[in-house]
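Work through the exercises below with the model open. Each task is followed by its solution.

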Amino acid sequence: LLAALRRRCDIAGKRLSGPGLAAEGRVLRSVLYVYHSRLLRHRPYLALQQVEQCLKRLWKMNLVGCLETLVDLIPKKNAPKAHAECLVPSQPMLETVALKVLGGCKLILRLLDCCCKAFLLSVKHLCSEEFILLNTVASGLLSRLWFVIQYRCVLQTLVSLYSALSMMLHLVSETQQTPYIKGFTFPSDISDFLGVNISSEAKKQKAKMLTTKKSTSWMKKLFPAMPETVSKVGKKRKSETCTSAMKNHSVSCTVDIGETVV
């Protein structure tokens with residue numbers, strides 16, 4: 001059980017401190033900083049602020065540092081076993097980590113929900129042709145952030161970590177009860193505490209985002225299809241179009257040049 005707990009702590013720490021989540025957080029802060037003075041009352045901007053608040057609270061919890069401290073307290077595999085007894089983390093330490101894991105799971109659920117709502121708002125305002133640059137960047141950023149959390153199974157890793165913590169906490173408290181957190185009962189099943197089924201909630205959010213993109217077809221609204229004659233001329237005379245565009249310093253938005261214009 002100690003080896004399993006150590007392994008799950010290592011996996012959870014690596015997935016929480018991965019480069020993808022930190023990079024998306026830095027991009028989000030940069031976008032909010034650039035548009036702060038212009039879009040204080042814009043709904044997608046306010047939704048982005050909620051996403052940023054969830055990320056900020058997740059980092060301020062210092063869950064990764066707490067997991068590293070717990071790993072240091074767990075004996076390594078190659079430690080000599082001179083006695084039948086074994087050193088284990090104390091009950092206060094296990095309770096503190098378990099409480100932070102519960103809070104982290106709640107925060108990540110809230111973060112995923114905020115990402116989904118902000119993405120839908122960005123697409124909605126993008127269809128209305130409002131703040132096209134911001135909403136395009138926001139929709140891509142939010143979808144990447146949602147995908148990073150789901151693809152790396154951050155929430156599922158914390159759930160499996162809590163199950164190992166709960167078993168260890170039960171064994172330690174049976175040996176010698178030294179409760180640290182009073183007035184709170186640690187749930188045996190984390191699904192009851194979270195109140196939702198993780199896999200079904202993720203599928204529901206993904207279905208919302210995909211059906212919204214298909215039903216609104218916002219790309220077609222923003223970039224209407226080129227007339228057939230224009231597309232044929234563009235394909236046949238691509239080099240001539242590039243040359244004339246560079247000479248006149250004006251490029252029509254309905255003609256796809258296909259090559260980089262310096």
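**Exercise 1.** What does the accessible surface of the protein come to, and what share belongs to carbon and sulfur atoms?

Solution. The model is predicted: local features need pLDDT of at least 70, side-chain atom pairs count only at pLDDT 80 or more, and totals for chains, interfaces and linings use all residues. Residues are numbered from 1 along each chain as its sequence is written, and side-chain values use heavy atoms, with hydrogens and water left out. By the Shrake-Rupley method with a 1.4 Å probe, the accessible surface is about 16200 Å². Carbon and sulfur atoms hold 57% of that surface.

**Exercise 2.** How many helices and strands are there in the protein?

Solution. Count DSSP runs from the N terminus: helices are H or I, at least four residues, and strands are E, at least two. The protein has twelve helices and zero strands.

**Exercise 3.** Why does the distance between the end C-alpha atoms of helix 5 agree with its number of residues?

Solution. Step one: helix 5 covers residues 91–127, which is 37 residues. Step two: the expected span is 1.5 Å times one less than the number of residues, so helix 5 should span 54 Å. Step three: its end C-alpha atoms are 54 Å apart, which agrees. Just after helix 5, E129 has a positive phi of about 60°.

**Exercise 4.** Is S173 buried or exposed?

Solution. Buried means under 20% relative accessible area, exposed over 50%, and partly exposed in between (1.4 Å probe, protein chains only). S173, in helix 7, has a relative accessible area of 17%, so S173 is buried.
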